[in-house]
Amino acid sequence: MNPATELLHHARGEGYGMYINGKYSSPASGQTIPSLNPCNDEPWYTLTDAGAPDVDQAVGAARHALGHPSWSGITQTARGALLRRLGDLIAVHSDRLAEIETRDNGKLIREMRAQMTSLPQTYYYYAGMADKMTGETIPVNKRDVFNFTLREPIGVVGIIVPWNSPLYLLSSALAPCLAVGNTVVAKPAENTSASTLEFADLIAQAGFPPGVFNVITGRGETAGHALAGHPGVDKIAFTGGTDTGRRVAANAARNLVPCALELGGKSPNVVFEDADPERAANGIVAGVFAAGGQTCIAGSRCFLQETIYDQVLAKLADKADRIILGDPMDEDTQLGPLSLKSQLGKVREYVAIGLGDGGTLRTGGKQPGHPSLANGYYFEPTIFTGIRNDMRIAREEIFGPVVAVMPFSGERDLIEKANDSIYGLAAGIWTRDIDRALRFARNVDAGTVWINTYRSASFLSPFGGFKQSGYGKHNGYEGVREYSRLKNVVVDYSGSTQDPFVMKLE
Ligand code: NDP
């Protein structure tokens, strides 16, 4: 295992500065906060606790860069070339970035490495897109009128990111933003800022002009709040909890600034009696125990058809009991610690709530007893039975390795239960009946539906939730739509003079 200091490419002395206008800088306030390693609860670097003046500076740098000829004056093909170079640099540094993220958030090195090695593809995709965004001509009902659309950058975009997948989530907004020609101020989570600060250096190496990408660090309630409410920001991309998203959107709305909100979920993962039980049980594990359940798409409500309930539950419990907990840097580990101490407290609290409401623990429900894990934020894979869909444990997002298993009788019963949630992010179904699978896909309230798979993502396919899981889409061409604005231009080349008091409706 590398010592933490070897990973810190840009930490100066005790810790990191912010990244504003192409330089690492100190905070106006001089305040710093520690970032803790979730494996041992020890600080491994400090970062800047930005205040409103720092945010002001970063937004000012982004505004200046937006109109500067070094950015606004280059061709879209040249923007694409910068993105391609950035993708190449990420590929070179993917191992280092993965290690930093694992140390920061405790997720498996295998998982973070997979995210980092696929990340260049996102930048290559949007690099290719940069000079292929076209408007359209609209044949209106009048001769001698030329009517067309232009796709333009929105301006300065504030991107606020949570701790679970820092660079992956940043990039789903950043790559299309840059392809279109926006400038960006990013605010990573206060516990997982190192990879974003290291990434800023790759942006500079790729040749992006100063001010196009800026990073402010610090607390959500101060730095994040100042960014979301800043009058110099034109759009906010927010990924995080639903309650925080509500606050961010209300704050941005004071300036009528639009948001793309990727929020929480309580996604159903459903097994019908005709499914392959082994594959389905594996899919439930992938849905809720992989990444310690700390993903917005966690399949934390598992519905098993009554006829196969006992059989699949037994398989699931057996798989859960055999999951290897340990150091996330170890290649054999299957479940690392939770990312934050507060997250550990939240998971424990929900287990108590589940038991208090009458649920039964089939397995797990506590921190593991092994002394080597005693100081980390570890929690056993946990399966609850005896849960009704109206209990808190089935309604509220836990963001941990806890699944509520519930029976259902048939399709109608299932779809009512699956949709009985404030969330609508993702859903999974395991069945060999294609008609049933497609009926489920049509009827379920979820932005993404997986059939005989779960937690499968692509930079090519649109992602974003319904209901209180947020609004807006990332990935694929939808990312370009999300981070551009559409202008309509009307040209009258008739040479005639119109009645000035009558609106022209053509
Ligand atoms: P939070 O909502 O607490 O934080 C997310 C980000 O917002 C952090 O950078 C945080 O800063 C910042 N923030 C906090 N308060 C404010 C505020 N008032 N104004 C502006 N920014 C603020 O989420 P968590 O960190 O707890 O992340 C987990 C949540 O994220 C889960 O609910 C999960 O479902 C959701 N999520 C959604 C995804 C999706 O794509 N739909 C993907 C991944 C996660 P700080 O770190 O300082 O608190």
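Analyst: The structure is a predicted model.

User: Which elements give two or more residues to the lining of the second largest pocket?
Analyst: The lining comprises 13 residues, and those closest to the pocket centre are Arg110, Val285, Ala290, Ile323 and Gln334. By class, 6 lining residues are nonpolar, 2 are polar and 5 are charged. The elements that give two or more residues are helix H5 (109-129) and helix H10 (277-288).

User: Which element supplies the largest share of the shell around the ligand?
Analyst: In total, 31 residues surround the ligand. Helix H8 (220-228), strand E9 (235-239) and helix H9 (242-253) each supply at least two residues of that shell. The largest share, 4 residues, comes from H8.

User: What percentage of the ligand's exposed area does the protein bury?
Analyst: An oxygen atom of the ligand lies 2.8 Å from a backbone N or O atom of valine 161, and a polar side-chain atom of lysine 187 lies 2.9 Å from an oxygen atom of the ligand. A polar backbone atom of leucine 263 is 2.6 Å from a ligand nitrogen atom. Taken alone, the ligand exposes 900 Å², and the share of this that the protein buries is 90%.

Conventions: Residues are numbered from 1 along each chain as its sequence is written. This is a predicted model: local features need pLDDT of at least 70, side-chain atom pairs count only at pLDDT 80 or more; totals for chains, interfaces and linings use all residues. Side-chain values use heavy atoms; hydrogens and water are left out. On a 1 Å grid over the protein atoms alone, a cavity is a set of points where a 1.4 Å probe fits but cannot get out, and a pocket is an open set with protein on both sides within 12 Å along at least five of seven lines; lining residues have an atom within 4 Å of a point. Ala, Val, Leu, Ile, Met, Phe, Trp, Tyr, Cys and Pro count as nonpolar, Asp, Glu, Lys and Arg as charged, and the others, Gly among them, as polar. A residue is near a molecule or strand if one of its heavy atoms lies within 4 Å of it. A polar contact is a pair of N or O atoms within 3.5 Å; within protein, one must be able to donate a hydrogen and the other to accept it, and residues adjacent in sequence count only if both atoms are side-chain atoms. Accessible areas come from the Shrake-Rupley method with a 1.4 Å probe; for residues, only the protein chains shown count as cover.
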